[in-house]
Amino acid sequence: MLATLALTLVALFALPQRGLSKPFEPEPTGIRRDLSYFIVAFVIATASLFIPSGMLWPRIVVCVVLVAVYVYYVVETVRGSGQLVEAGHGTSADGPLWLCRIGLPSRNVIAVLQAAIALALIIGGARGFVWGIEHFADLVGFPVLVMSLILIPVATEMPEKINSILWIRRGRDTLAFGNITGAMVFQGTLLPAFGVFLDSWQPRADILTAVGLTIACSLWMWWRVRNRQLSPMHMGVNGAAYLVFLILVFAISI
């Protein structure tokens, strides 16, 4: 969903200002780093699909490797971010904090407080969205497969990815793309690590289809960012991949 739908929505909301061909200009080193770590980790997680359920130690090794990849990624990202700020790639807010607009002083503790409130609202909103999706699915009789592959990912991820849409409309390309690619690394390392350790995975056709499309779209994005040729038109490939995914999932579930 992140590698296809979320990126497609970013492109769609950028169309009124940029058209089809005007390139995005995210800071390339961070986006390439995110995508590189994600692709490597996701390939490792995919390989774990073929580990027999009775073999515990190989699954533990995969789990440890995925966690280690994420920890190393965080260290590299923090180090790289510091260098970018020193090189003049820092960002500033468009206006004062909401809490400051109601009279509170502009201090670090207020910024932390507003971030905590925003996080709580995101979590609460996502929880409410999931609850609504589950009840809606029960009413209309959605198959479990459709729930797990389509509805739940959208319900849990898209509320937070609205940030990327807001940023892209403000011309903050690095923040818009980094919000998505950074989440991809998290989703491709820590969450599969828990899944590999706690449950046996099966290389079913629907899962392999989703994995294949995800890796293909990620490689496509990595290539476009590397060549500094990423525009809304190029991200149409990601949207087409999501449509293919929807068609295949519904075909399998019927």
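Contact here means heavy atoms within 4.5 Å. The model is predicted: local features need pLDDT of at least 70, side-chain atom pairs count only at pLDDT 80 or more, and totals for chains, interfaces and linings use all residues. Residues are numbered from 1 along each chain as its sequence is written, and side-chain values use heavy atoms, without hydrogens and water.

V154 sits in helix 6; helices are DSSP runs (H or I, at least four residues), numbered from the N terminus. Leaving out residues up to four places away in sequence, V154 touches M1, L5, F129, P159 and Y242. From V154 to A126 the C-alpha distance is 9.8 Å, across 28 residues of sequence.

Y242 also contacts I150. Beyond four places in sequence, I150 meets F245, L246, V249 and F250 as well. I150 is among the residues with the most contacts inside the largest nonpolar core, which has 58 residues. Such a core joins buried Ala, Val, Leu, Ile, Met, Phe, Trp, Tyr and Cys through side-chain atoms within 4.5 Å; buried means under 20% relative accessible area (1.4 Å probe, protein chains only). Helix 7 gives the most to this core, with 9 residues.

Helix 2 and helix 8 pack at about 155°, axes 10 Å apart. Helix 2 is therefore roughly antiparallel to helix 8 (angle over 145 degrees). Among the contact residues are F38 and F42 of helix 2 and W222 of helix 8.

| Class in the helix 2 and helix 8 contact | Count |
|---|---|
| Nonpolar | 13 residues |
| Polar | 4 residues |

Nonpolar here covers Ala, Val, Leu, Ile, Met, Phe, Trp, Tyr, Cys and Pro; charged covers Asp, Glu, Lys and Arg; the others, Gly among them, are polar.

Notes:
Buried < 20%, exposed > 50% of the residue type's maximum accessible area, 1.4 Å probe, protein only. Helix = DSSP H or I, 4+ residues; strand = E, 2+ residues; numbered from the N terminus. Axes fitted to C-alpha atoms, helices over the stretch in contact; angles between N-to-C directions. Parallel < 35°, antiparallel > 145°, perpendicular 65-115°, else oblique.
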